[in-house]
Amino acid sequence: SKVPPIILNNGVEMPQLGFGVWQVPDAEAQQAVGTALEAGYRSIDTAAFYGNEEGTGKAIASSGIPREDIFVTTKLWNDDHGYDAALRAFDVSLGKLGLDYVDLYLIHWPLPALDKYVDTYRALEKLHADGRVRAIGVSNFLPEHLQRLTGETSVIPAVNQIELHPHLQQHTSREYHAEQGIATEAWSPLGQGKGLLEVPAIVAIAQKHGRTPAQIVLRWHLQLGNIVIPKSVTPARIKENIDVFDFSLDAEDLAAISALNEDRRIGPDPATLS
Ligand code: NAD
């Protein structure tokens, strides 16, 4: 593949760039994921909540690509917290995907007020021990949630998937993850396209390199060491978003983008979402 891997803390290799499918209807997922696989993507990020695990699984099955060459992530939804519920939810996801293992299984949100994420994570540890997931991790966990989790369980999460883009650079989480050996995966890496791709500093860097603003933002993530999962259903953009491995941003470009931080979320605050 043209995408270099990140080595997770258990030795498993995960492509640093993958394809996200949030908001892709199940009926369109097969085609979108199929286009991504043809374009060279080998990592797909879905979730039970997205309702498109079936379409995603069909695209994988019909691609002709060996299963072991594709890295599949899915996530446990908020209704399925708790040890037994989590084990059942995993079986449902695996059935919808039509797979016999997933590469990465994540707890979608910590829901701290519910206070079940430790029990839920113990179910993920069992799935990992049973060889049904190659790596386990979390999403939207704040450092305080990770600290509690690692204090009460044995497997350090391989990944924390968090909202991360130039307007929300997540310095505290990124530093904490680096100390703990947890890979940082950026969701909404393009800031959902809204406004971010028109920011003058990003447009100027794009013009300088003869690239698009989306490619510049993705390069910024990659050079910082983030895993990224940009989403598009437009074939030309799907191709554009993976065509980012033949140029580099210089120190000045990186500094200009890093100056855009506003600590501004698009999505919910993990501390209060319940
Ligand atoms: P994104 O930042 O990937 O932006 C996607 C949008 O940007 C597209 O819908 C399109 O409007 C625009 N876009 C994409 N490529 C473009 C291009 N080349 N040029 C111009 N515009 C372009 O946003 P996202 O879908 O929210 O996030 C990516 C993935 O992250 C999701 O699909 C999902 O897999 C994951 N995610 C996870 C969580 C979570 O809670 N764990 C939350 C949100 C998203």
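Trainee: Which residues come nearest to the ligand, and what makes a residue count as near a molecule?

Mentor: A residue is near a molecule if its C-beta atom, placed from the backbone, lies within 6 Å of it. Of the 26 residues around the ligand, Gly 20, Leu 190, Gly 193, Ala 214 and Lys 231 come nearest. Helix H9, residues 235-242, gives the most to this shell, with three residues; helices here are DSSP runs (H or I) of at least four residues and strands (E) are runs of at least two, numbered from the N terminus. Please keep in mind that this is a predicted model, in which local features need pLDDT of at least 70 and side-chain atom pairs count only at pLDDT 80 or more, while totals for chains, interfaces and linings use all residues. Residues are numbered from 1 along each chain as its sequence is written.

Trainee: How do the residues of the shell around the ligand divide into nonpolar, polar and charged?

Mentor: The shell has nine nonpolar, 13 polar and four charged residues, where Ala, Val, Leu, Ile, Met, Phe, Trp, Tyr, Cys and Pro count as nonpolar, Asp, Glu, Lys and Arg as charged, and the others, Gly among them, as polar.

Trainee: Why is His 108 called buried?

Mentor: A residue is buried if 20 or more other C-beta atoms, placed from the backbone, lie within 10 Å of its own, exposed if 12 or fewer, and partly exposed in between. His 108 has 20 other C-beta atoms within 10 Å, and is therefore buried. His 108 lies in the loop between strand E6 (102-107) and helix H4 (117-129), and the unreviewed UniProt entry annotates His 108 as "binding site", although such annotations may be inferred rather than shown by experiment.

Trainee: Which residues is His 108 in contact with, leaving aside its neighbours within four places in sequence?

Mentor: They are Ala 47, Phe 49, Lys 75, Leu 76, Trp 77, Asn 78 and Ser 139, a contact being a pair of residues whose C-beta atoms, placed from the backbone, lie within 7 Å.

Trainee: Why is Leu 111 called partly exposed?

Mentor: Leu 111, in the loop between E6 and H4, has 19 other C-beta atoms within 10 Å, so Leu 111 is partly exposed. The phi of Leu 111 is near 45 degrees, a positive value in a residue other than glycine.

Trainee: And what makes Gln 192 partly exposed?

Mentor: Gln 192 has 17 C-beta neighbours inside 10 Å and therefore counts as partly exposed. Gln 192 is placed in the loop between strand E9 (183-187) and helix H7 (200-209), and its phi is near 60 degrees, a positive value in a residue other than glycine.

Trainee: How do you know that Gly 11 is exposed?

Mentor: Gly 11 has 9 other C-beta atoms within 10 Å, so Gly 11 is exposed. Gly 11 sits in the loop between strand E1 (5-7) and strand E2 (13-15), and between Gly 11 and Arg 134 there are 9.8 Å in space, C-alpha to C-alpha, although they are 123 residues apart in sequence.

Note on methods
Two residues are in contact if their C-beta atoms, placed from the backbone, lie within 7 Å.
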